[in-house]
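Hi everyone, thanks for making time this morning. Let me put the model up on the screen, and then I'll walk you through it.

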Amino acid sequence: MKTKHLLVGLLIAGASTVSAQNTLELNLNHQFDGAAFQYGTVYQLEGRAVRLDRVQYYLSGFEITHDGGQTTTMPDTYVLGSANITNYSLGQETFTTLEGISFDLGVDAARNGMGTSNWPSGHPLAAQSPSMDWGWPSGYFFWTIEGMVDDTGDGTPNKMFQFHGIGDHLLRDVNGFTGWTLSGSTVTIDLNVNIAGWLKAIDLESVGFSHDGGNNNVAVAENTNPNYVFFDPASLGIEEEAQNEHFIHADYTMAYAPTIYYDLATGENVDIRVMDMSGSVVLETQDQSPEGNYFVRKELPDGTYLISFTNGNISEQFRFVVKN
Amino acid sequence: MRVCIFEQTERVKAAVYFGFFVLTAVLFMRCANTGMAISENASNTVPSFSEDSTEFYRVQLGKHLFYDPILSRDSTVSCASCHKQELAFTDGLPKSIGIRDRMVTRNSPTLTNVGNRTKFLLDGVNPSLEAQVGVPIQEHNEFDFHILLVIDRVNKVPKYAEWAKKGYGSEITDWVLKNSIASFERTLISDNSPYDKFLNGNYAALDNGQKKGMELFFEKLHCAQCHSGPDFTEERLTNNGLYEVYADSGRMRLTEKEMDRAIFKVPTLRNIAVTAPYMHDGSMETLEEVIKHYESGGHSHPGKGEEIVPFELTNEERQNLIRFLEALTDEDFLTNPDYRIEL
């Protein structure tokens with residue numbers, strides 16, 4: 001069973017080393033005003049019922065502070081955050097004691113102008129599904145936040161809204177994470193991400209499809225500040241919680257080729273199979289992370305399909321629909 | 001107005017050649033600065049490739065992909081659906097039609113000498129031809145597809161896989177697909193219109209009406225303030241006073257700057273006579289309408305270019321100006337078999 005490091009502060013793993021290459025990992029614990037975030041759950045936000053179906057965002061411009069205030073930039077490190085994924089690799093850096101980190105929300109202007117085709121498959125800046133770009137340079141979506149809001153007052157989210165933030169002017173510095181004394185061959189940084197923070201004081205009923213760099217997305221950008229969306233949970237001292245449920249959610253942005261967001265209650269990798277209703281396997285892949293976004297990268301006929309996640313400990317299935 | 005036509009045309013020639021020289025120099029410097037091979041940039045010289053060169057296979061792949069509707073989700077629309085050779089790679093519609101009869105939001109631009117361009121989309125927000133290739137694939141109203149699924153499809157076509165291997169030494173990737181189509185588009189060079197022949201010393205290539213129209217264009221009306229350079233555009237961004245209030249926010253849709261509201265790229269005039277309807281929204285059906293719009297000085301708009309001021313033309317002058325614009329039509333370009341595939 002995978003342990004979720006909700007509100008646990010900074011986890012230091014491995015033996016202490018001196019000025020060696022350290023593996024840096026980032027845990028992004030997604031929440032909604034203090035509750036663990038799950039796709040499809042109805043939350044209350046400023047008196048309105050809200051449900052989110054997709055939350056993804058880019059982080060770039062990482063800079064670490066270490067060893068008495070030295071700074072090291074990490075210009076080639078990018079994170080594509082997804083609300084169902086906690087663990088991200090930041091690569092390797094040389095330091096003895098890590099003291100802090102800062103980064104930007106969005107993609108830096110230099111790389112934002114390069115387009116997806118320059119990156120190898122699997123890189124955060126390569127083509128994604130659902131798309132995280134408009135297919136042009138300057139066209140990465142810095143974030144995608146999609147969901148429904150209740151505009152009738154009956155407690156059921158019924159009106160769609162979508163934020164796709166685009167444009168260099170939306171890049172926001174996220175800093176304030178300092179004062180740490182972390183060391184070890186592998187250093188894991190835990191940060192909480194309060195998704196609700198991005199949506200504060202925005203009239204979600206009037207957002208509609210905001211796929212641009214306009215006022216609604218500027219408001220999301222302005223809401224991104226330390227201790228508002230991203231914050232260091234160490235000071236709160238709340239005990240960690242264990243995840244004992246599987247969370248699986250289908251994203252039908254491309255109904256003809258959905259993406260399955262999953263976060264499984266296991267620490268072991270899983271094998272993934274997609275089967276049609278006759279039981280024939282149409283897609284298959286082995287040894288995948290227990291949390292991730294599985295793109296159904298195959299043109300399938302209309303119908304209902306079953307995706308299964310299995311390892312020695314779990315066997316979880318989920319139905320989804322393909323509609324061309 | 002009586003002007004010695006030969007004296008005038010020599011001056012025009014000199015101006016145009018100078019413009020061409022500057023553009024070429026700028027392109028060369030850009031390539032030198034970026035480390036890009038100069039052969040990747042088109043010029044007004046038709047490239048030739050030996051049949052076994054990597055360039056040949058890149059263009060071959062790109063040309064066939066350009067004409068293949070499998071790039072669209074339901075395999076009904078190809079690049080060539082909106083970029084037809086006989087219409088100088090436009091489609092004759094006010095606004096193009098994508099899959100499932102969805103209407104695209106703007107008029108289809110010509111691909112004439114598109115390899116010389118450095119700004120793409122009608123508002124010029126896209127700075128590379130390769131990136132431009134990805135736009136219709138993903139747009140809901142155009143191909144409505146996903147680049148990764150397109151790649152899966154085209155890799156299953158043996159001839160495409162073979163040409164990719166010969167051209168790029170790899171299977172078809174995101175980059176290979178976009179670069180191959182861009183490589184084909186860079187071969188779409190128009191340089192043999194009557195106007196070009198005139199510039200090359202064949203003074204009979206233009207009739208008297210066209211020569212008078214040319215004088216109007218360059219000397220009296222100063223159209224070349226915006227439509228300058230060898231392609232009659234140097235990609236200035238401006239507002240031409242088409243409306244007081246625009247439904248399309250132009251460049252502002254990306255930049256979100258008020259100063260970019262309803263700002264669009266100055267288009268090339270090469271082959272303009274076959275690329276009707278005109279304007280970003282295809283709202284003008286004829287060149288005569290377009291000229292009358294400029295005669296009126298256009299509508300008031302805060303971003304309107306200062307060059308857009310009223311002027312008067314007689315009917316004869318207007319017809320001569322149209323005749324000159326017609327002299328920019330390159331029949332070889334519209335019929336060149338190298339730009340087609342056998343279906």
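Let's start with the two domains of chain A: the centres of domain 1 and domain 2 of chain A, taken over C-alpha atoms, are separated by 24 Å. Domain 1 runs over 3–236 and domain 2 over 245–322; such bounds come from an automatic or database domain assignment. Where they touch, 12 residues come from domain 1 of chain A and 14 residues from domain 2 of chain A. By contact I mean that the C-beta atoms of two residues, placed from the backbone, lie within 7 Å. The domain 1 side has 3 nonpolar, 7 polar and 2 charged residues. For the classes, Ala, Val, Leu, Ile, Met, Phe, Trp, Tyr, Cys and Pro count as nonpolar, Asp, Glu, Lys and Arg as charged, and the others, Gly among them, as polar.

A word on provenance: this is a predicted model, where local features need pLDDT of at least 70 and side-chain atom pairs count only at pLDDT 80 or more, while totals for chains, interfaces and linings use all residues. Residues are numbered from 1 along each chain as its sequence is written, and chains are lettered from A and ligands numbered from 1 in the order in which they are written.

Now chain A as a whole. It has 3 helices and 24 strands; helices (H or I, at least four residues) and strands (E, at least two) are DSSP runs, numbered from the N terminus. Its C-alpha trace spans about 60 × 50 × 40 Å along the principal axes. Of the contacts in chain A with a separation of 6 or more, 73% join residues 24 or more positions apart. Of its 324 residues, 44% are buried, that is, 20 or more other C-beta atoms lie within 10 Å of their own, with C-beta atoms placed from the backbone.

On to the partner: how many residues does each chain give to the contact? Chain B gives 22 residues and chain A gives 22 residues. On the chain B side, helix 4 (129–138) supplies the largest share, 6 residues. By class, that side has 10 nonpolar, 5 polar and 7 charged residues.

Last stop, helix 11 of chain B, residues 287–296. Its buried residues are Leu287(B), Val290(B) and Ile291(B). Helix 12 (315–326) of chain B is included in what covers them. Just after helix 11, Gly297(B) takes a positive phi of about 85°.

Definitions and conventions
A residue is buried if 20 or more other C-beta atoms lie within 10 Å of its own, exposed if 12 or fewer, and partly exposed in between; C-beta atoms are placed from the backbone.
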